[in-house]
Amino acid sequence: SIILVLLRKARKAEAVAKLAANDTQKLNDKLEIALKKAEEANLAKTRFLNNMSHDIRTPMNAIVGMTAIAGANIDNQDRVLDCLGKITKSSRHLLGLINEVLDMSRIESGKMELDINYSRAGVITSEICDIFAEDIKKKNLTLKRVVNVRHEHIMMDKIKVQEIFMNLISNAVKYTPPGGTITITIDEIPCDKEGYVTFKSCVADNGIGMSEE
């Protein structure tokens with residue numbers, strides 16, 4: 001009987017140990033999942049801020065450059081007005097980017113919501129080209145913009161679309177040799193969804209290009 005009692009106690013202790021081990025494993029699994037999510041969120045935040053710092057620098061440089069040009073041509077009203085117009089466009093784009101950076105709740109949740117507002121198809125690229133106007137002039141580049149659309153007035157997240165164009169045009173300006181040509185084309189292609197349009201956009205240049213890979 002003593003052996004049976006000891007055996008029962010041993011089995012009970014074993015069961016308790018297994019239960020404790022299971023609880024520990026579950027806790028470890030939860031901690032591991034939480035750690036993974038925290039690492040992913042931190043990585044997403046780092047990538048976002050790195051990208052935004054690059055995007056913010058471009059319109060900021062344009063503002064500084066245009067301000068210097070306006071100051072150097074203070075007696076030339078047309079030149080000053082042109083600079084002020086480009087400074088305004090760059091400032092608006094910069095403000096939109098800063099508003100995204102400040103909305104940390106979106107970064108931490110990993111979700112980005114579209115900010116839908118009115119725009120015009122031709123304006124999407126013209127404002128970005130104005131930001132690079134001085135760089136284009138310094139390198140003596142030829143810039144061609146072609147807009148072949150039937151529905152010019154659209155609703156879209158202008159800032160996010162312009163961020164895409166900014167990176168593409170920035171690369172084109174950077175890697176196209178002096179005297180080269182950059183062509184930006186927006187074509188409207190068939191769309192089956194009522195109330196929506198589909199645009200095909202292309203930024204082409206005769207710079208160094210890239211491999212197929």
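Predicted model: local features only at pLDDT ≥ 70, side-chain atom pairs only at ≥ 80, totals over all residues.
Which residue does the side chain of D157 meet in a salt bridge? Its partner is K160, with N and O 3.2 Å apart, and a salt bridge here means a side-chain nitrogen of Lys or Arg within 4 Å of a carboxyl oxygen of Asp or Glu. D157 counts as buried, at 7% relative accessibility, where buried means under 20% relative accessible area, exposed means over 50%, and partly exposed lies in between, using a 1.4 Å probe and protein chains only.

Residues are numbered from 1 along each chain as its sequence is written, and side-chain values use heavy atoms, with hydrogens and water left out.

Let me stay with the charged pairs. A search of the whole structure finds seven salt bridges, and one of them joins the side chains of D82 and R79, at 3.5 Å from N to O. D82 is partly exposed, with a relative accessible area of 32%.

Another salt bridge is formed by K158 and E127, whose closest N and O atoms are 3.1 Å apart. This pair links distant parts of the chain, since K158 sits in helix α6 (residues 158–175) and E127 in helix α4 (residues 121–131), 31 residues apart. Both K158 and E127 are buried. There is also a network, in which salt bridges that share partners join R79, D82, K86 and E134.

Turning to the cysteines, how many disulfides does the structure hold? The number is zero, a disulfide being counted as a pair of cysteine sulfur atoms within 2.5 Å. C83 is buried, with a relative accessible area of 0%, whereas C191 is partly exposed, at 32%.

Next comes the sheet. Three strands form an open sheet in the order β2-β4-β5, with mixed pairing, and two strands are said to pair if DSSP finds at least two bridges between them. The edge strands, each pairing on one side only, are β2 (142–148) and β5 (198–205). Strand β4, residues 181–189, pairs with β5 in the antiparallel sense over eight bridges, and the bridge partner of I182 in β5 is D205.

Two loops remain to be mentioned. In the loop between α5 (133–138) and β2 we find N140, which has a positive phi of about 55° although it is not a glycine. As background, most residues other than glycine have a negative phi. N140 counts as exposed, at 57% relative accessibility.

I116 is found in the loop between α3 (104–109) and β1 (117–120), and at 46% relative accessibility I116 counts as partly exposed. Together with L114, Y118 and M155, I116 forms a nonpolar patch on the surface, with about 460 Å² of accessible area for the four together. Such patches are made of residues with over 30% relative accessible area and no salt bridge, like charges being joined within 9 Å and nonpolar side chains (Val, Leu, Ile, Met, Phe, Trp, Tyr) within 5 Å; accessible areas come from the Shrake-Rupley method with a 1.4 Å probe, and for residues only the protein chains shown count as cover.

Definitions and conventions:
Helix = DSSP H or I, 4+ residues; strand = E, 2+ residues; numbered from the N terminus.
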